[in-house]
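Dear colleague,

My notes on what was found in it follow directly after.

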Amino acid sequence: MHHVLVIGAGTMGTVHARSYAAMENVELVGIVDIRAERGRELAAETKTEWFASYEEAMEKLARVDIIDVCLPTYLHKTYVQKAADAGKHIICEKPLARNKEEAESIVDYCREKNVKLFVGHVLRFFPEYEKSRQLVQDGAIGNVGVARTFRGGIFPTAWNDWYADYKNSGGLVLDMIIHDFDFLRWCFGDVERVYAKSLLGRGFARMDYALVTLRFQNGMIAHVEGSWAHEGFSMKMELAGSEGIIQYDSAKEKPLIAVNRAKQAGMTGVAVPESPLRENPYFRELKHFIDCIENDREPRVTVEDAVKAVEIARAALESIETGKPVTLV
């Protein structure tokens, strides 16, 4: 039995707490949140205890094996280090940190303390994205030359309106489309160059938009689009290869479509019956991390992957600020 303490009762803390509460080999031992009403509400829902601070939880709880950090990005380093100091394994929501240097220092600190660190890049656990990568790996659409992704929704609100603080949140580039940076790197390897444009600094109230072009070391080009100016939420993906195309649009009521050009005549696309609605990707992600702790396995998302995702995002932000492409070493 693994005893998990969740720090943060916001959107992701709620998702994580509900996932742990549904696992057979996990006991959710507490929720930490400075907001008493929100903390008590989530604790009651998940049948656990609420604590006003990390220190209170660690003092009163008889056993904690894993600490799950679901706090604003700028608080990650502080609380990951506190957990590492206590000798606990850590699951931390993405992005790991606000910049590459901070991310690397977090990774090094956990290694020094000999604790495991896992970072929640959940897109790798969405069935559509898993299947797409497998199709690419299997050569189902030949050599992929161009990819296009979109991720968008309304401008998020949260505790202390921290998303609106660009210094602390990094805007949608660091907080949201980092999902797509990680997924594309998972599929196609390391990024060589980044060029980006956005609304940053143009004075639009509570709206953000960015278009990021990535050139990979293998020559593949990806266009990553993100928006915090839409109602609702949706994500899209299009991977174009020499022999076919893979398309996915969460806003459409249909599964992932993979079309092979050579077989397309007289046929519709071949539908792959995979949907994130059939199994919660967050549950799958956290269950995977628990299994990695239990069996000392390498996770699907490594800490090196998490650092690379932050590096790409920061390169995009640098490009936005300077108007120039940024080359990654």
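Which residues of helix 2 (residues 36–45) are buried? They are Gly39, Leu42 and Ala43. These residues cover an arc of only 100° around the axis, which puts them on the same side of helix 2. The arc is that of the directions from the helix axis to the C-beta atoms. On the other side of helix 2, Glu37 and Ala44 are exposed. Here, buried means under 20% relative accessible area, exposed over 50%, and partly exposed in between (1.4 Å probe, protein chains only). Helices (H or I, at least four residues) and strands (E, at least two) are DSSP runs, numbered from the N terminus.

Please note that this is a predicted model, in which local features need pLDDT of at least 70 and side-chain atom pairs count only at pLDDT 80 or more, while totals for chains, interfaces and linings use all residues. Residues are numbered from 1 along each chain as its sequence is written, and side-chain values use heavy atoms, with hydrogens and water left out.

To return to helix 2, Leu42 lies in this element and has a relative accessible area of 0%. Leu42 is 29 residues from Gly13 in sequence, and the two C-alpha atoms are 9.0 Å apart in space.

I turn next to the charged side chains. Side chains of opposite charge can pair when their charged atoms come close. The structure holds 22 salt bridges, a salt bridge being a side-chain nitrogen of Lys or Arg within 4 Å of a carboxyl oxygen of Asp or Glu.

- Glu55 forms a salt bridge with Lys82, with the closest N and O atoms 2.8 Å apart. Glu55 lies in helix 3 (residues 54–60) and Lys82 in helix 4 (residues 76–85), so the pair ties together parts that are 27 residues apart in sequence. Glu55 is partly exposed at 41% relative accessibility, and Lys82 is partly exposed at 25%.
- Glu130 and Arg300 meet through their side chains in a salt bridge (2.7 Å, N to O). Because Glu130 lies in helix 6 (residues 127–137) and Arg300 in the loop between helix 10 (281–295) and helix 11 (303–322), this pair ties together parts that are 170 residues apart in sequence. Arg300 is partly exposed, at 29% relative accessibility, whereas Glu130 is among the buried residues of helix 6.
- Arg148 and Glu238 form a salt bridge at 3.2 Å, N to O. The pair links distant parts of the chain, with Arg148 in strand 7 (residues 144–153) and Glu238 in strand 11 (residues 233–241), 90 residues apart. Arg148 is partly exposed at 46% relative accessibility, and Glu238 is partly exposed at 24%.

Helix 6 is followed by Gly139, whose phi is positive, near 75°.

Finally, Glu101, Glu104, Asp108 and Glu112 gather in a patch of negative charge on the surface. Patches are made of residues with over 30% relative accessible area and no salt bridge, in which like charges are joined within 9 Å and nonpolar side chains (Val, Leu, Ile, Met, Phe, Trp, Tyr) within 5 Å. Glu101 lies in helix 5 (residues 100–112) and is exposed, with a relative accessible area of 54%.

With kind regards

Conventions:
Accessible areas come from the Shrake-Rupley method with a 1.4 Å probe; for residues, only the protein chains shown count as cover. Lys and Arg count as positive and Asp and Glu as negative; His and the chain ends are not counted. The place of a charge is taken as NZ of Lys, CZ of Arg, CG of Asp or CD of Glu.
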